[in-house]
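Hi everyone, thanks for making the time.

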Amino acid sequence: MSGGNFFASRWGIISVGAAIGILGPLLQKFGNPANMGICVACFERDIAGALGLHRADVVQYLRPEIMAFVLGSFIAALVFKEFRPRVGSAPVVRFVLGVFAMIGALVFLGCPWRAILRLAAGDGNAILGVAGLTAGIWIGTLFFKGGYNLGRASKSYVSVGLLMPIIMAGLLILRLVFPQIPGQPKSDILFYSLKGPGAMFAPVALSLIIGLLIGFIAQRSRFCTMGAIRDVILFRQAHLFLGLASLLVVAFIVNIILGQFHPGFEKQPIAHTMGLWNFAGMMLAGLAFALAGGCPGRQLFLAGEGDGDSAIFVLGMIVGAGFSHNFGLASSPAGVGPHGISGVIIGLAVCLFIGLTMRKRAV
Amino acid sequence: MKMAVTLDARGLGCPQPVLMTLGEIKKLQRGEMEVLVDTDTSKENVSRAAVSQGWEVEKILEEGEGYRIRIKKP
C-alpha cells in the first residue's frame, strides 16, 4: 500500500537501509571518524561544539551531513507535495526529551545509527547499546499501551515549517564562509578541533551530496531506527525493521570490503567498555526517542518536511550536547564522565514522569 | 453513506494513528470504518496496518489538508 511511492514499499525501505549501509562506511573511508560515518547525535554534538555551546575541544565541527539531511528531506517534501507546516504537540516536552536523548546517547557514545554502524564494524560494546536501545523503546511501548500521547499538532504558518531548513541553510553558509584554517582552533566565529573526532571529516562536498541523498530517500521511505524496533514490539510489524536490518547487513559487508571490520570489545574507536552504562545510556536515549515518536535522524527528516515539533526536538538535542559536555555527562573512551551516571538516572526519572503523566484515553 | 465509525487521527504523530486503527479493528473484528489522517506517512502506515490485519483499503480520498481512508473487512 505505497500509493505509488516506491520508497514506502518493502523493497523501498530495504534499499534505503542498504544505501545508508554503503554511504555511512564510505564517509568514514573519506575522512569521517571511525565507526562514525554517520552519527546524528555525535554530529549534532560536534555542531554544538563548533558554535561554542560547549568547549570540548576534540568535538567541534559544523557537520554538513546534518544540514544536508534536513535540506534533502525539505527538497523531497517540496517535490512530492508533502511539505506540511505543523506544530503544537507538546513542544516543551519534545525539547526536554531531545535534551535527555542526547545525554543518554553521549553516555553510550552514539545514536542508534552509530550503534548499528559500530556493530557492523565489529564493536562488541554496541551489542549492549542496541540491547539498551531496545529496552528503552520497550518501556516506551508500555506507555503507549497505557494511553501516553503528546497530543495533536495543528497546521501552521509556512514560516513555521521553513524555519528549520532556513537555520540549517544558515549553518551551512557559515561552514562554507568560515572553513578551517590549518592549525587554527577557530575560524572567525566557528570553533574547529585540531585533534580527536572533531578533526576528522570527509570533504565538504562529499558530506553534502551524501547527506542530501540520504535526507531525500529517508523522507520518502520514513526510515526510522527507533520506529523499526518499536513497530516490531508494539504491532509485530517488520516493515521499518527491514530497513534497519538491511543497514546493518550492508554496512557489515562494506566494512569488510573497506577493511574497516575489527571485531572485539577492547580499544574500539570512540567507545568505552563499561557495559552497564552502554546499556543504560542507550536505554535512556531509546525511551526518549520512543516518547518523542522518532529516532534522531527521523526527527531531522520530519523537521525538513515542516514538523515544528521535531525541529524543537532537534534543538533540544543540540542544547543537550552543550549540557553533556559542560556538566561532564558525556563519556570518553576512558569510560563514563564524572556525572554521566547521575545524568542517566535523572533522565530516566524525567522520561518516566512524562510517560506516566501525559495520558489521554480518548483524544 | 455515513460511516458508523470514523477515527480522527489528524495532527497525531507516530505511532498514534496506527494504534487507534488497530484498536478499532480489534474491537470491530469486521465491518467498515474511516480513518482521517493529515500526512502521507500516516496514510501509508494506516493502510499497511489495516492490510496486515486482513482488512482491505477500499478507497483513499483527498480531503482538505489530508486523507480519508476507507477500510473494510466483509
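How many residues of chain A are in contact with chain B, and how many of chain B with chain A? The answer is 22 residues of chain A and 21 residues of chain B, where contact means that the C-beta atoms, placed from the backbone, lie within 7 Å.

Before going on, a word on the source. This is a predicted model, in which local features need pLDDT of at least 70 and side-chain atom pairs count only at pLDDT 80 or more, while totals for chains, interfaces and linings use all residues. Residues are numbered from 1 along each chain as its sequence is written, and chains are lettered from A and ligands numbered from 1 in the order in which they are written.

Back to where the chains meet, with 22 residues on the side of chain A. Strand 2 (154-155) and helix 9 (225-235) of chain A are the elements that give two or more residues to that side; helices (H or I, at least four residues) and strands (E, at least two) are DSSP runs, numbered from the N terminus. Helix 9 of chain A gives the largest share, four residues. By class, this side of chain A has six nonpolar, ten polar and six charged residues. Here Ala, Val, Leu, Ile, Met, Phe, Trp, Tyr, Cys and Pro count as nonpolar, Asp, Glu, Lys and Arg as charged, and the others, Gly among them, as polar.

Now let's turn to chain B. Chain B has two helices and four strands, and along the sequence they follow the pattern β-α-β-α-β-β. The four strands form an open sheet in the order 1-2-4-3, with mixed pairing; strands pair if DSSP finds at least two bridges between them. At the edges are strand 1 and strand 3 (56-63) of chain B, each pairing on one side only. Strand 1 and strand 2 (residues 31-37) of chain B are parallel partners over three bridges, and B:Asp8 stands opposite B:Leu36 of strand 2.

Both helices pack on this sheet. Helix 1 of chain B touches strand 1 and strand 2, and its direction makes about 170° with that of strand 2. Helix 2 (residues 40-52) of chain B touches strand 2, strand 3 and strand 4 (66-73), and its direction makes about 0° with that of strand 4. These angles run from 0 to 180 degrees between N-to-C directions, and axes are lines fitted to C-alpha atoms, for helices over the stretch in contact.

Finally, some backbone details. Most residues other than glycine have a negative phi, and most peptide bonds are trans. In chain B, the peptide bond from B:Cys14 to B:Pro15 is cis, and B:Pro15 lies in the loop between strand 1 (6-8) and helix 1 (16-28).

In chain A, phi is positive at A:Leu109, near 80°, and at A:Asp188, near 55°. Are their surroundings buried or exposed? A:Leu109, in the loop between helix 4 (91-108) and helix 5 (112-120) of chain A, is buried because 33 other C-beta atoms lie within 10 Å. A:Asp188, in the loop between strand 3 (186-187) and strand 4 (190-191) of chain A, is exposed because it has 8 C-beta neighbours inside 10 Å. The rule is 20 or more other C-beta atoms within 10 Å for buried, 12 or fewer for exposed, and partly exposed in between, with C-beta atoms placed from the backbone.

Technical notes
Contact = placed C-beta atoms within 7 Å.
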